[in-house]
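Try each one with the viewer before you read the solution.

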Amino acid sequence: MRSFGIVALSVMLGGCASVTRGTTENISISSTPSGVEAVVSGLEVPTTCTTPCAVVVKRNADISITFQKEGYEPQIVPLTRDIPTSGAAGFAGNLLLGGVVGMGVDAATGAATDHKPNPVIVTMQPSAPARARPPAPRKPRPPAAPAPDTGT
């Protein structure tokens, strides 16, 4: 009976970080100027929002955000995954309660990680106006030859 209790407790806890932090997180996205289209890739379904906005992403996803607005240069911001103090504590809690199974769950779900930067803030740069070609220099015309004298 005691063995059954230990196994049941391990299964219920799964991974400590998975339980305490969850497998998803909110990413806040903003820009200057606002109203920029933000395309979030790396999700099961690519998501588009207009800044300022927020999206829910899986902690184990490789995320990048492309910002685009007419009249501005597009920007791509790749997000990295980092293990913050709270994630490390949850992952370490597996040593006490979840064991190797809990560590495996946390590693697979990315529950111990956070995406950086969060919030994602960009300042859009105006695109250079298309330069008009300067007109080609005109070649000077040779002086007109004097009209021949017809003599009357």
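This is a predicted model: local features need pLDDT of at least 70, side-chain atom pairs count only at pLDDT 80 or more; totals for chains, interfaces and linings use all residues.

Residues are numbered from 1 along each chain as its sequence is written, and side-chain values use heavy atoms, leaving out hydrogens and water.

**Exercise 1.** Find which side chains of strand β2 (residues 37–41) are buried.

*Solution.* Begin with the terms: strands are DSSP runs (E, at least two residues), numbered from the N terminus, and buried means under 20% relative accessible area with a 1.4 Å probe, protein chains only. Next, recall that side chains in a regular strand alternate between the two faces of the sheet. Here Ala38 and Val40 point to one face and are buried.

**Exercise 2.** Work out how β2 pairs with β3 and with β5.

*Solution.* Two strands pair if DSSP finds at least two bridges between them. With β3 (residues 47–50), β2 forms 4 bridges in the antiparallel sense; Val39 has Thr48 as its bridge partner. With β5 (residues 64–68), β2 is joined by 5 bridges, also antiparallel, and Val40 is partnered by Ile65.

**Exercise 3.** Locate the disulfide (a pair of cysteine sulfur atoms within 2.5 Å).

*Solution.* The whole structure holds 1 disulfide. Cys49 and Cys53 form this bond, with their sulfur atoms 2.0 Å apart. Both cysteines, Cys49 and Cys53, are buried.

Key:
Buried means under 20% relative accessible area, exposed over 50%, partly exposed in between (1.4 Å probe, protein chains only).
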